[in-house]
Amino acid sequence: MTDFTAKYKRYQDAFEDVLNRFYDKLNVTPEILAESLKYSLKLGGKRIRPVLMYAVGDLLGIESDKLDNFALALELIHTYSLIHDDLPDMDNDDFRRGKPSNHKVFGADNAILAGDGLLNTAYSVLFGECFKGDGYISAAKYICDCAGIEGMIAGQSADLLHENDRTVDKDVLDFIYEHKTAKLIMAAVMTPSILCGGKYYSELKAFALNLGFLFQLTDDILDVEGSFENLGKSIGKDSAEGKYTGVRLYGLSGSKVKADLLAENCFKLLEAPDGDTAFLRDTVNFVRQRIN
Ligand code: GRG
């Protein structure tokens, strides 16, 4: 195991402890609601948003327990978005994280409720943090805004609106990338900065935006070149469904060049903060080279 994978795993494990405490406290009736929520959360995934939040927290000197509930809320929001995205009337995907999608197991009606339940619980967790002080209120609001109608929802709406457009316009693609994907990455990176009174705010925001673009571009590349075994979800759907993707705009090799440029931007932006940014630089490489 490299230093990077060992540290990534430590952050993941710390977050699994947070999730286990969350499951232990759940007191939900009927049982099917609790089961459907937990089903998608327990499928795992890379947990890259919590990992990023803890890593930036370490860089800025924030104790991880101050971030636990923000990381929890963000992963609940991310998981709800995946459940809803997989629904027949959205992306209609039968698999997620290598297992049947939530609606394939529990039905579309229960899957909608599982997503709604995760989102509402995320807001409740964030409200709980607001009693701790002004910085916590600001961080909670930032996460809500990233997830909401000027954030991820707007990105998904634009994605749907432009499905089957005959041409790909860069401004529209950038809007979709920024909102559908980068906003939740920004929420992860900016939460520790906001809790530190906005430390390295503009540099970290630009870093997160570039990393979010890189994340979505590698997702688009993997939809062409990846495998079901590694990704745990169907591939080749973007072009089959006329999706607005980087690969359509830049071509496959052009997308790889663009991905390298985005990674370079991230490295440059990481020169600003004092402190050890090695793990964050390795995370950029991990996203650039990811196979899942
Ligand atoms: C609000 C109805 C509704 C839907 C949300 C944004 C969105 C719409 C759904 C997310 C689907 C999607 C493809 C988003 C793009 C970001 C992305 C590549 C998500 C996958 O995230 P990973 O790779 O997943 O971090 P894991 O499984 O590792 O957690």
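Q: Why does tyrosine 11 count as buried in this predicted model?
A: Its relative accessibility is 9%. Buried means under 20%, so tyrosine 11 counts as buried.

Q: What makes the pair of tyrosine 11 and tyrosine 54 stacked?
A: The angle between the planes is 10°. Stacked requires planes under 30 degrees apart. The centres are 6.3 Å apart, and the cut-off for pairing is within 6.5 Å. Therefore the two rings form a stacked pair.

Q: Which parts does the pair of tyrosine 11 and tyrosine 54 tie together?
A: Tyrosine 11 lies in helix α1 and tyrosine 54 in helix α3 (residues 48-60), so the pair links parts 43 residues apart in sequence.

Q: Is tyrosine 54 buried or exposed?
A: Buried: tyrosine 54 has 3% relative accessibility, against a limit of under 20%.

Q: Why is the pair of tyrosine 8 and phenylalanine 286 called tilted?
A: Their planes stand at 55°. Stacked needs under 30 degrees and edge-to-face over 60, so this angle leaves tilted. The ring centres are 5.2 Å apart.

Q: Why is phenylalanine 286 called partly exposed?
A: Its relative accessible area is 23%. Tyrosine 8, at 6%, is buried.

Q: Which cluster do these rings belong to?
A: Phe4, Tyr8, Tyr11, Tyr54, Phe279 and Phe286 form one aromatic cluster.

Q: What makes the charged end of arginine 290 sit over the ring of phenylalanine 215?
A: The charged end lies 3.9 Å from the ring centre. The distance cut-off is within 6 Å, and the position must also be within 35 degrees of the ring normal.

Key. Residues numbered from 1 in each chain as written. Predicted model: local features only at pLDDT ≥ 70, side-chain atom pairs only at ≥ 80, totals over all residues. Heavy atoms only, no water. Phe/Tyr/Trp six-rings, centres within 6.5 Å; stacked < 30°, edge-to-face > 60°. Buried < 20%, exposed > 50% of the residue type's maximum accessible area, 1.4 Å probe, protein only. Helix = DSSP H or I, 4+ residues; strand = E, 2+ residues; numbered from the N terminus.
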